[in-house]
Amino acid sequence: MAVFTEVSFDEAGALLRRLRLGELQELRGIEGGIENTNYFATTRQEDGRRAEFVLTLFERLTAAQLPFYLYLMKHLALGGCPVPDPHGDASGDLLHTVAGKPAAVVDRLRGASQLAPQAVHCCALGGALARLHLAGRGFDRNQPNLRGLPWWNETVPLVLPYLEPEQAALLRSELAYQNHVAASSAYAALPRGPVHADLFRDNALFEGDELTGVFDFYFAGVDTFLFDLAVALNDWCVDLATGRPDAGRSAALLAAYEAVRPLEAAERELLPAMLRAGALRFWISRLWDFHLPREAALLKPHDPAHFERILRERARTPQDAAELFFAAA
């Protein structure tokens, strides 16, 4: 999250009053991230209590795309999942306009991100992710993962000129491999539905060992549940310095996920390939954001080399993924 668009106190306050969320007391831009403009907003309610919200202005997503994300969050919140609940106006509309940009206001969840997760945190995350997948099956809107394989194919030619020959060779090779996997019958058999697609450790909140929330659904889309699981494994269960998978954390996350939604045979077969796919997706997007950045008042692009290392590790030892699964089963 970053600040690309400056929002005045008065304009934010007017929106919050229209949504019947109280009088704005404080508005603070949120650092970090690279997609949308985000602010913490504190209001005073009629009974004098303070309430906390997150105001998001969407910089890339269009008004036509946004209802999928917002109504998915509403669907999951109504289903008892610990996700931000979007606030509607008097007509029930969840999508608003601020500073000429499409915008949303959601509840601020309690807790803080666990940036050095242990097995207990990965266990909580795995179970929560499986419950999100099950709850999302009843959602009646459809939108593909906009950062899926078609986007990879479109974006790789844009970032290749910035790479060293060895990096370019790896990127081309892995993209070809993922296109091959996507054309297979095993891939076609994978269970699908709405997925978060960006469930990194900074997109979940904890109080102690308790998972209190999952947020930032603005990369969500309909994709394979296995890809979503792989994205989480690649962040929660790797050593950040080397990109190597951590066996204990991986087994904890997988076991907790399977306790809620057991993996199918096709998912077991393709787990190593999807771990590579998850690494490739974020290597491409970080290359794009690093070499072709946008201006922002608070912007810290992530290091692309991190997911290059993870991809090399996943491609070098694909059998490790299967071993971790069977250890968890």
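Student: Which residue with a positive phi follows α2?

Tutor: We're looking at a predicted model here, so follow the chain past the end of helix α2, residues 66–78. After α2 comes a residue whose phi is positive, near 90°. That residue is G80.

Student: What span does α2 reach from its first C-alpha to its last?

Tutor: Start with the count: α2 has 13 residues. At 1.5 Å a residue, you'd expect 18 Å. The model comes close to that, with a reach of 19 Å.

Student: Which residue has its backbone oxygen 2.9 Å from a polar atom of the H96 side chain?

Tutor: Look at what H96 touches beyond four places away in sequence: among them are L15, R18, H87, D89 and V105. One of these touching residues has its backbone oxygen 2.9 Å from that polar side-chain atom. It's H87.

Student: Which element gives the most to the lining of the second largest pocket?

Tutor: That pocket holds about 270 Å³ of space, and G148, L149, P150, Y187 and D223 are the closest of its 17 lining residues to the centre. α4 (149–159), α5 (165–182), β9 and α9 (265–291) each supply at least two lining residues. With 4 residues, the top contributor is α4.

Methods:
Residues are numbered from 1 along each chain as its sequence is written. This is a predicted model: local features need pLDDT of at least 70, side-chain atom pairs count only at pLDDT 80 or more; totals for chains, interfaces and linings use all residues. Side-chain values use heavy atoms; hydrogens and water are left out. The expected span of a helix is 1.5 Å times one less than its number of residues. A polar contact is a pair of N or O atoms within 3.5 Å; within protein, one must be able to donate a hydrogen and the other to accept it, and residues adjacent in sequence count only if both atoms are side-chain atoms. Contact means heavy atoms within 4.5 Å. On a 1 Å grid over the protein atoms alone, a cavity is a set of points where a 1.4 Å probe fits but cannot get out, and a pocket is an open set with protein on both sides within 12 Å along at least five of seven lines; lining residues have an atom within 4 Å of a point. Grid points are joined across faces, edges and corners, and a volume is the space filled by probe spheres set on the points.
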